Amino acid sequence: MRAMLAWVTGMGVSWLLAPAALANGWNMPKGVTEISRDIYSLHMTIFWICVVIGVVVFAVMFYSLFRYRRSQGAKADNFHEHTTVEVLWTTIPLLILVGMALPATATLQRMYDPSGADLDVMVTGQQWRWHYEYMDEGVSFTSSMSTPTSQISGEEARGENYLLDVDNPLVLPVDQKVRFLLTSDDVIHSWWVPELAVKQDAVPGFVNENWVRIEEPGIYRGQCTELCGKDHAFMPVVVHAMEQDEYDEWLAERKAEAEAEANSVDREWEMDELMERGEQVYGSVCATCHQQDGSGSGQFPALAGNDQMLDDVDWHKDVVVNGVSGTPMAAFGGSLSAVEVAAVITYERNAWDNDTGDVVQPSEIQEMLE
Amino acid sequence: MSGSYYVPETSKWPALGSAAVGVMMIGLGVVLVHGVGSLIMALGTVAVLAVMWFWFRDVVIESRQGLYDAQMDRSFRWGMGWFIFSEIMFFAAFFGTLYYVRTFALPWLDGEGAKGIATLLWPDFTASWPLMNPPDSSISGPHDIVSPWQLPLVNTLFLVTSSITLTVSHEALKEGLRATARNWLIVTLVLGACFLIVQGVEYYEAYTHYGITLDAGIYGSTFFLLTGFHGFHVTIGVVTLAVMLARILKGHFSRDDHFAFEAGAWYWHFVDVVWIGLFLFVYVF
Amino acid sequence: MAPKLPPQHPLEHSTATTAGQAHEHDDHHHYGGPGGIKRWLLTTNHKEIGSLYLIFSLSMFFIGGIFALVVRAELFQPGLQLVQPEFFNQMTTMHGLIMVFGAVMPAFVGLANWMIPLQVGAPDMALPRLNNFSFWLLPVAFGLLLSTLFMPGGAPNFGWTFYAPLSTDYGPPSTTFFIFSLHIAGISSILGAINIIATILNMRAPGMRMMDMPLFVWTWLITAFLLIAVMPVLAGVITMMLMDINFGTSFFDAGGGGDPVLFQHLFWFFGHPEVYIMILPAFGIVSAIVPTFARKPLFGYASMVYATASIAILSFLVWVHHMFVVGLPLAAELFFMYTTMLIAVPTGVKVFNWVTTLFRGSITFETPMLFSLAFIVMFTIGGFSGLMLAIVPADFQYHDTYFVVAHFHYVLVPGAIFAIIAGVYYWLPKWTGHYPDERLGRWHFWLSVIGVNLTFFPMHFSGLAGMPRRIPDYALQFADFNMVSSLGGFLFGASQLLFVAVLIKCVRGGEKAPAKAWEGAEDLEWSVPSPAPLHTFETPPDMTSQAPQRH
Ligand code: HEA
Ligand code: HEA
Ligand code: CUA
Ligand SMILES: [Cu+2]
């Protein structure tokens with residue numbers, strides 16, 4: 001009897017807890033797109049249907065447990081079949097399911113229609129960062145987590161957006177249909193921003209499509225959701241949605257930068273410039289594997305004091321531009337610009353007491369890329 | 001049925017067999033990962049074979065002693081039947097792979113169908129089957145293919161004929177015509193061996209003349225996956241039938257008590273049917 | 001109504017076996033074969049092999065549980081405290097693999113070994129030596145799997161689903177050994193399943209028709225069919241991985257014309273039926289226990305059988321629901337959404353049948369019954385979240401978050417594991433001749449129920465709020481619920497020590513149980529003495545006139 005009471009109270013409390021938690025933000029976000037709101041309402045509809053069915057089923061169950069206790073002298077009946085109820089409880093759930101499937105189908109059909117996009121963005125997953133390319137705009141950049149390791153290890157207080165901050169967020173205009181083309185350079189990743197209700201795998205060698213039309217400017221955060229190796233937890237997605245004019249400004253700036261960089265490929269670069277740029281690239285792209293201080297770890301070779309690398313510039317360039325196939329060392333010639341590659345190589349050859357004094361010029365890399 | 005079901009006493013073969021399988025697999029793993037340890041692998045393999053030998057020997061002895069009743073016979077039948085079903089599913093995975101690659105993956109990579117945008121990544125790629133030029137140009141595909149109407153056709157004839165000769169042999173055994181059964185079984189075995197030899201020749205040709213190799217992209221991959229596992233099964237079948245031949249020679253089996261033979265025959269027919277599938281989908285179409 | 005018993009010599013049988021636990025001292029008295037460790041190595045007896053399976057499974061449950069506790073300990077707080085991400089991923093992976101292949105599956109096979117021959121009136125399993133082989137492959141397989149933890153590069157770290165190319169091009173060197181260990185475990189399952197099918201189809205006592213079989217036997221028959229159908233597919237896909245890793249093939253590499261997604265199709269063609277392999281026998285156990293303690297025949301026996309078969313058939317047609325966000329054509333998503341949702345219908349039939357069995361019964365609440373009732377409630381909750389996951393647009397938000405983790409732990413822990421525990425409490429008297437300690441059992445039950453809900457209920461919310469799975473560190477807003485989950489995990493784990501205490505006590509002694517240990521129990525196993533002698537039904541009982549009242 002006490003047990004029964006405990007049961008019922010326990011159940012009751014958790015059923016109450018659930019809606020309470022859902023109401024307090026521990027729920028799927030409604031989001032800022034039409035689709036995300038549709039999904040939210042689908043989610044809540046199925047949830048409540050399940051709650052109702054659950055309440056009915058468990059009510060009958062607990063009633064029976066309570067009413068037909070042997071300790072209260074219950075005598076067992078002997079019935080064990082009843083065709084009518086059996087037919088009923090097969091068909092009623094079936095009808096409920098049809099009721100759920102209809103709106104789900106409609107929503108899905110809309111999600112699957114990327115036609116008429118105003119803007120195409122190629123999203124490429126890489127261990128462990130995202131690369132964004134504004135197709136037809138000549139703008140592309142890499143976006144890596146910017147939460148410092150000292151926060152992860154707990155040496156420093158954790159910031160508000162712990163693990164959810166990046167150096168270069170993806171910038172998008174509001175009220176435009178943006179089509180994403182997703183792929184990957186290495187393993188499968190998955191690009192997810194809950195408030196945009198977009199979650200799509202990035203599969204190496206294939207391209208997936210998805211799209212979004214954001215209704216409100218703001219900063220929306222998400223994470224990689226497909227296990228992609230060691231730093232899977234440290235591969236956030238940040239989308240910065242702006243009004244159209246703001247976005248246009250931003251894009252123009254980016255374009256100008258890209259152009260300036262393209263034009264500067266041919267000029268002679270100074271060591272200092274390259275080192276500065278290189279340090280930045282290294283920190284955002286290479287350090288996840290080779291470590292900030294170039295000491296490497298596990299299967300990732302140390303670059304500080306790496307004799308083969310220091311003795312052989314051409315090999316060094318080749319490894320960075322073309323990668324080492326069959327290992328996590330990707331071909332960065334594809335995702336970094338010539339300037340960035342030259343800068344990071346120069347940096348690696350001179351940082352951490354490597355001090356070779358070598359300067360690798362962007363023009364040399366440009367040649368390799370062509 | 002009155003308590004005649006034979007429950008064997010303890011036996012050391014199951015436990016030894018597991019240990020042997022363990023040694024063999026660890027050996028193989030060490031060979032693949034570290035490039036050493038072929039001795040361990042060889043030892044394990046020999047141990048596995050030895051255990052099989054002794055285990056089956058026990059079964060044969062018990063059978064000869066008449067310990068097995070009709071119910072036991074049915075257990076063996078169910079056992080063998082479901083085992084073959086598991087083998088069918090094993091090959092189904094591989095045929096499924098072939099189907100998927102040809103119907104979905106390659107067209108998608110070439111820009112057709114629902115996922116056709118993949119062509120963005122492989123602008124120069126054209127899908128074809130057999131796939132001569134894989135999307136990634138650093139993987140060199142085959143430069144020629146095996147014509148189905150030469151060696152594979154010959155092999156088809158071998159296997160189909162062998163299924164027939166085996167059935168003749170089985171019928172003879174059922175009639176109690178031991179010598180006839182023996183002769184047709186020998187013919188079956190010869191055909192099986194011929195198949196394996198031809199398959200070996202074909203592999204040699206594939207590697208040396210056609211550029212069909214394991215690393216020649218998906219065509220080579222599926223080709224060797226399917227024909228390789230099939231060939232492996234033919235080998236097992238040949239060994240099994242050879243043992244049956246030995247048992248016939250030793251005077252085992254009677255008109256209505258020869259399930260071992262029958263199981264071997266089931267297996268052989270299964271291998272034959274798989275080949276027909278292979279011939280059609282790997283070679284012809 | 002009791003079926004005719006085989007001739008008994010009570011004195012000779014009373015000490016025959018107490019095979020609930022290893023290393024009993026006095027029981028090789030009447031046993032012809034070797035003694036000591038050799039006896040366990042060489043046995044061909046279904047009861048002893050059943051015990052071996054159960055002990056093995058319990059050890060694996062603890063090892064897999066310890067891995068889960070490492071995961072939970074790291075997730076107790078944000079930040080990296082105890083382990084590095086590389087090791088965390090190994091823990092998650094090994095936890096999933098060990099629990100699925102090492103704990104749940106062998107536990108069910110162990111129960112099948114013990115109970116199926118008793119329930120169908122067979123002298124033993126159909127192929128006793130093969131049975132022992134199936135078992136002894138397992139320690140080999142899992143010894144090999146666990147040894148990867150000590151290999152250079154560490155153990156598998158790509159999740160229990162080992163998606164290519166993370167597991168092929170990017171996997172640690174130990175991947176090859178991991179593949180072989182799965183091959184061996186797979187062979188074990190296939191052979192075990194063949195044996196079970198042959199036993200059920202061929203060894204039933206004369207007069208026992210298929211529709212007279214207890215539901216545990218029925219569910220196992222169908223489970224065995226699923227095993228034989230899908231384990232070879234798993235073997236096939238890991239073989240293809242092996243070739244991609246070691247022989248340069250390109251099955252899962254688009255550059256060579258393959259497709260990483262092909263891996264997932266093959267894996268889940270196996271993987272989804274696999275999750276039903278982990279629940280159908282549980283349905284069977286609950287369908288035995290609920291009528292016993294409600295003292296009323298199971299409601300809708302026939303529809304239970306048909307529902308089980310429908311679930312099994314549908315399970316081949318739903319695998320893509322694990323891959324909704326992988327990027328598939330619309331038609332595929334819709335088809336697999338509908339088929340997945342359909343499974344709710346036969347599963348609902350089962351739930352309704354159990355509840356109706358309780359209705360107008362005469363109910364008592366012994367430990368096996370408590371666990372079964374908790375099973376019904378919490379499995380249903382897990383089923384509901386499964387149904388939510390089936391709705392494709394919603395799954396775009398749920399997928400690969402802790403909502404999924406919550407779903408499958410609800411169906412697996414208070415689902416499969418509770419059913420196994422219930423079965424153990426239910427059949428312990430038959431195995432050992434003693435009743436399990438009821439007081440300890442209740443403590444075990446209540447602590448488990450609380451622990452399980454504390455651990456897994458909050459995961460629904462962390463998932464909905466956006467926490468991805470398989471991460472060693474998380475954003476600050478997930479902190480509270482993770483702390484609760486971790487505390488719950490440790491509570492649940494610690495409560496399992498009570499289970500061990502109950503088992504040891506019960507093997508050692510306790511209140512003696514008669515042949516029919518539970519008043520309402522009707523199946524054939526309750527007609528043999530408790531503890532069940534080493535050899536039962538050497539002469540099959542004649543069931544022709546004694547079919548239990550099923551319909
Ligand atoms: C025992 C194991 C088990 C069982 C029984 C189930 C049962 C179900 N599962 Fe679950 N599932 C898993 C184990 C299991 N699952 C695992 C391990 C994973 C994750 C794998 C991984 O990625 O690692 C998973 C993942 C998983 C996914 C993928 C989620 C994702 O990754 O995005 C989906 C999606 O559809 C799903 C659906 C279902 C459904 C619809 C059922 C149904 O069978 C449930 C049916 C039951 C009910 C619905 C309740 C009772 C019914 C009624 C009372 C009738 C009336 C009800 C209605 C009409 C609503 N499961
Ligand atoms: C039947 C299968 C099964 C079972 C029983 C469990 C049981 C548990 N699982 Fe399970 N889990 C899976 C199957 C299962 N799990 C699968 C398939 C995955 C997916 C893996 C993947 O993503 O690849 C997963 C993933 C998974 C995760 C997600 C990991 C991640 O995404 O990174 C978590 C996190 O909390 C978790 C926790 C637990 C806990 C706390 C238990 C507890 O119930 C365990 C309780 C048992 C014990 C603790 C051991 C016994 C007790 C002792 C040893 C005594 C000593 C203990 C104390 C004194 C406290 N599991
Ligand atoms: Cu990228 Cu996870
Ligand atoms: Cu599933």
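Analyst: Two strands count as paired if DSSP finds at least two bridges between them. Strands themselves are DSSP runs of E with at least two residues, helices are runs of H or I with at least four, and both are numbered from the N terminus. Before we go in: this is a predicted model, where local features need pLDDT of at least 70 and side-chain atom pairs count only at pLDDT 80 or more, while totals for chains, interfaces and linings use all residues. As for bookkeeping, residues are numbered from 1 along each chain as its sequence is written, chains are lettered from A and ligands numbered from 1 in the order in which they are written, and side-chain values use heavy atoms, with hydrogens and water left out.

Let's take strand β5 of chain A, residues 178-184. Seven of its seven residues are buried, buried meaning under 20% relative accessible area, exposed over 50%, and partly exposed in between, with a 1.4 Å probe and protein chains only. In a regular strand, side chains alternate between the two faces of the sheet. Here Val178(A), Phe180(A), Leu182(A) and Ser184(A) point one way, Arg179(A), Leu181(A) and Thr183(A) point the other way, and all are buried.

Now the neighbours. Strand β1 (residues 119-126) of chain A runs parallel to β5(A), and seven bridges join the two. One place to look is Met122(A), whose bridge partner in β5(A) is Leu181(A). Strand β8 (residues 208-212) of chain A is antiparallel to β5(A), with five bridges between them. There, Phe180(A) has Asn210(A) as its bridge partner in β8(A).

On to the charged pairs. A salt bridge here is a side-chain nitrogen of Lys or Arg within 4 Å of a carboxyl oxygen of Asp or Glu, and the search of the whole structure turns up 26 of them over all chains. Asp38(A) and Arg110(A) meet with their side chains at 2.6 Å, N to O. That pair links distant parts of the chain, with Asp38(A) in helix α2 (residues 34-67) and Arg110(A) in helix α3 (residues 83-111), 72 residues apart. Arg110(A) has 35% relative accessibility, so it counts as partly exposed. Glu34(A) also joins in: Glu34(A), Asp38(A) and Arg110(A) are linked in a network of salt bridges.

Next, Glu137(A) and Lys255(A) form a salt bridge with their closest N and O atoms 3.0 Å apart. Glu137(A) sits in the loop between β2 (129-134) and β3 (139-143) of chain A, Lys255(A) in helix α5 (residues 244-264), and the two are 118 residues apart.

Arg277(A) lies in helix α6 (residues 271-290) of chain A, 16 residues from Glu261(A). In this pair, both Glu261(A) and Arg277(A) are buried.

Last, the ligands. A residue is near a molecule or strand if one of its heavy atoms lies within 4 Å of it. Ligand 1 lies between chains A and C. It has 32 residues around it, with Tyr276(C), Asp395(C), His399(C), His407(C) and Arg469(C) coming nearest. Polar contacts are pairs of N or O atoms within 3.5 Å; within protein, one must be able to donate a hydrogen and the other to accept it, and residues adjacent in sequence count only if both atoms are side-chain atoms. A polar side-chain atom of His399(C) is 2.7 Å from an oxygen atom of ligand 1, and an N or O atom in the side chain of Arg469(C) is 2.8 Å from an oxygen atom of ligand 1. The shell's biggest contributor is α13(C), with eight residues.

Ligand 2 has 33 residues around it, the closest being Arg72(C), His95(C), Trp160(C), His409(C) and Arg470(C). A polar side-chain atom of Arg72(C) lies 2.7 Å from a ligand 2 oxygen atom, while a polar side-chain atom of His95(C) is 2.8 Å from a ligand 2 nitrogen atom. For Trp160(C), a polar backbone atom is 2.7 Å from an oxygen atom of ligand 2.
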